[in-house]
Amino acid sequence: MFDSGVGGTSIWKEVRKRLPYEDTIFLADSKNAPYGEKSEVEIRELSIKNTELLLEQKCKLIIVACNTATTNAIDYLRKTYRVPFIGIEPAIKPAALQSTSKTVGILATKGTLSSSLFHSTAENYAAGIQIVEQEGTGLVPLIEAGQVDSEETRTLLKRYLAPMIKANIDYLVLGCTHYPYLVPTLRSLLPKQVKIIDSGAAVAKQTEAVLEKNNALKAARKKGLSTFFTNHKVETLASFLTDSEPTEIAYLNF
């Protein structure tokens with residue numbers, strides 16, 4: 001799997017929990033983070049680069065562990081390469097179906113909110129639902145710097161959540177794989193009745209289903225190997241994996 005930095009490790013943890021016997025390789029493209037502020041052409045080029053690096057490692061399936069890369073590049077990747085791709089989309093559908101206030105907030109990057117895939121998903125599944133969109137400008141760089149609960153992060157989140165709280169949302173959809181790391185801070189700032197929803201568990205379930213359909217699940221019942229590559233600071237990536245079993249983390253100039 002690949003992401004524009006360390007955020008996709010939130011997806012990796014869900015996949016690891018569900019598929020502990022599979023070997024995993026994670027590319028953290030922190031050097032080019034955040035993808036959400038780049039053009040569609042740039043996002044596609046970065047996604048191609050990451051995909052080809054993973055294919056060199058003989059990957060049998062690739063998870064695009066980045067909402068922005070999914071919404072801007074996954075169609076192209078699926079048409080170009082033979083390997084199955086699993087994408088990450090904001091969980092608008094479950095939030096819309098379960099909302100009783102009929103108002104749902106979504107915190108995402110500019111690249112995700114402006115994509116055609118996001119808009120088509122919202123149109124298909126959120127009829128009759130008010131969606132309060134908010135770009136999380138500045139959040140990814142703070143998370144990449146390890147400032148998950150800093151005063152600067154809290155100040156930004158207070159500003160971004162204010163219009164959602166005013167609109168009486170009962171679900172907050174996290175539209176960026178970095179944002180699950182903000183959940184403790186978000187819970188402290190949101191009214192207690194607001195539920196936070198992300199895509200991690202659904203992605204892990206879909207990954208298992210695709211591998212099973214392709215007869216590609218690993219037969220051996222031995223704990224899989226986990227390898228991580230970053231093109232920025234190894235220690236930053238390592239700090240997001242402190243609760244995980246020992247893994248191989250290395251710098252790679254890509």
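**Cysteines**

I looked up Cys-66 and found it buried, at a relative accessible area of 4%; buried means under 20% relative accessible area, exposed over 50%, and partly exposed in between, with a 1.4 Å probe and protein chains only. This is a predicted model, in which local features need pLDDT of at least 70 and side-chain atom pairs count only at pLDDT 80 or more, while totals for chains, interfaces and linings use all residues. Residues are numbered from 1 along each chain as its sequence is written, and side-chain values use heavy atoms, with hydrogens and water left out.

I then searched the whole structure for disulfides, taken as pairs of cysteine sulfur atoms within 2.5 Å, and the search gave zero. Cys-66 is in no disulfide, and the nearest cysteine sulfur, that of Cys-176, is 6.7 Å away. I checked from the other end: Cys-176 is also in no disulfide, with the sulfur of Cys-66 as its nearest cysteine sulfur. Cys-176 counts as buried at 8% relative accessibility.

**Open sheet**

Next I went through the strands. Helices (H or I, at least four residues) and strands (E, at least two) are DSSP runs, numbered from the N terminus. Two strands pair if DSSP finds at least two bridges between them. I found an open sheet of four strands in the order β1-β2-β9-β10, with parallel pairing. Its edge strands are β1 (2-3) and β10 (248-251), each of which pairs on one side only. I looked at one pairing in detail: β9 (residues 226-230) runs parallel to β10 over four bridges. Thr-230 has Tyr-251 in β10 as its bridge partner.

**Strand β7**

Which strands are joined to β7 by bridges? Strand β5 (residues 103-108) is parallel to β7 and joined to it by five bridges. Val-104 stands opposite Tyr-171 in β7. On strand β8 (residues 195-197) I noted three bridges to β7, again parallel. Here Val-173 stands opposite Ile-197 in β8.

Is β7 mostly covered or exposed? Five of its five residues are buried, so I wrote it down as mostly covered. In a regular strand the side chains alternate between the two faces of the sheet. For β7 I listed Tyr-171, Val-173 and Gly-175 on one side and Leu-172 and Leu-174 on the other, all of them buried.

**Nonpolar cores**

I counted a nonpolar core as a set of buried Ala, Val, Leu, Ile, Met, Phe, Trp, Tyr and Cys residues joined through side-chain atoms within 4.5 Å. The largest core has 46 residues, and those touching the most other members are Ile-63, Leu-107, Leu-139, Leu-172, Tyr-179, Leu-182 and Leu-186. Elements that give it two or more residues include α1 (9-18), α7 (139-144), α8 (151-166) and α10 (200-213). The largest share, five residues, comes from α8.

Leaving aside neighbours within four places in sequence, Leu-139 is in contact with Leu-107, Thr-153, Leu-156, Leu-157, Tyr-160, Tyr-179 and Leu-182. Another core, of 21 residues, lies apart from the largest one and has Ile-25, Leu-54, Ile-74 and Phe-229 among its members.

**Salt bridges**

I took a salt bridge as a side-chain nitrogen of Lys or Arg within 4 Å of a carboxyl oxygen of Asp or Glu, and the structure holds six. I wrote up three of them.

Lys-17 pairs with Glu-14, the closest N and O atoms being 3.7 Å apart. The two are three residues apart in helix α1, so about one helical turn separates them. Lys-17 is exposed at 62% relative accessibility, whereas Glu-14 is partly exposed at 24%.

Glu-208 meets Arg-18 at 2.6 Å, N to O. This pair links distant parts of the chain, with Glu-208 in helix α10 and Arg-18 in helix α1, 190 residues apart. Glu-208 is partly exposed at 23%, and Arg-18 is partly exposed at 40%.

Lys-60 meets Glu-22 at 2.8 Å, N to O. Lys-60 sits in the loop between α2 (40-56) and β3 (62-63), and Glu-22 in the loop between α1 and β2, 38 residues apart. I noted Lys-60 as partly exposed at 39% and Glu-22 as buried at 8%.

Notes. Contact = heavy atoms within 4.5 Å.
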